[in-house]
Amino acid sequence: MACFITSENQYSTSSKVTEIASRSFSNGSYNSHLSRQRQNTKSWYEIKILELKKLSQNWQDTEVNPPNNVSLYWASEALEVLRKIDFPCDRIAASVDEGVCISFVSKKNKNKYADIEFFNNSEIIAAKSDRVLPPKIWEISIDEISNTLEEIREYIEL
Amino acid sequence: MNTSNSNRPLRMFQEDRGIDNNFEPEELLYRRFCPHEILGDRLAPDSIKFPDWSVNREKYSEPHDVQFPSGSNQVYLCCGIAGFSVADIPCKVDTQGIFTFNIEHNPKFDNYAHSELITYKNGVSGKELKNFKVSNTIKKTFRQLLSDKSRIISEPSSTGNCINSKQIIN
């Protein structure tokens, strides 16, 4: 994945969009970098969630609402789970279907992709795909977020 | 390359050409994207719109023509270009085959190659149905299938001038 943040310059430009870079949660250099940049203790994903909160109503040319408090809340909860299991995502973005999508790609096999999408209407749907077999798309409940993220981790890291 | 005053290639103008709905399965369809809309070598599924999605067709355009939006003098040179073939469009996304998809030539006066990927519910397009409700699961399946087939033809030039920087209110 090409969206790694490796320098101050890249960070400042990337922060203008709704993408988030891939990195390790335990990346000390990045944390210290953030500390210099933001001078606060917010984690990188908290900062990105805040950026998504700032999306304007017309963030897309068509009538697509930005993430609302529901999708942002559950996306934040999922990111906290990911932090605890030390499984960083590769991307966080507002969805054209109104919500927040957290995505992953395998380092070993770039065709292996997974995501979990939190919709503004409170639905949560996960996806796994390897570009060979038909993708698996399944709806989950709030109680299943942790298990689903573990399942995605196993799939991506296998 | 011949260009208009707005640098739009002259080949893009429709002039007296009509609609051509003859798409070969191997014909490529192009779509511009912003830096944050890709992950690895694929279009991110969450950046693929549903039910209808604009693309340019290979038969009447060059890939970079997608950087010239119809009805505008802007040129999105910062955008990358992704593509997939007509044969890559999912046939169906549900077991019953209620939802089907088709590519239709929809030329604009300044973009003859403009085409739309149209979703049909029981054979009726979303534009014709007043209440075109589609479950998020169906939409996500469609977006994932198309994302799996997408390929990056041209990388975005930079993130610094991304048009989507307008998305964030500072």
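The model is predicted, so local features need pLDDT of at least 70 and side-chain atom pairs count only at pLDDT 80 or more, while totals for chains, interfaces and linings use all residues. Residues are numbered from 1 along each chain as its sequence is written, and chains are lettered from A in the order in which they are written.

Chain A has five helices and five strands, where helices (H or I, at least four residues) and strands (E, at least two) are DSSP runs numbered from the N terminus. Their order is α-α-α-α-β-β-β-β-β-α.

The strands form an open sheet with the order 1-2-3-4-5 and antiparallel pairing; strands pair if DSSP finds at least two bridges between them. Strand 1 and strand 5 of chain A each have a single partner strand, so one side of each is left without a neighbour in the sheet.

| Helix | Strand compared | Angle |
|---|---|---|
| Helix 5 of chain A | Strand 3 of chain A | about 160 degrees |
| Helix 1 of chain B | Strand 4 of chain A | about 25 degrees |

Helix 5 of chain A also meets helix 4 of chain A: their axes are 10 Å apart, at an angle of about 55 degrees.

How values were computed:
Axes fitted to C-alpha atoms, helices over the stretch in contact; angles between N-to-C directions. Contact = placed C-beta atoms within 7 Å.
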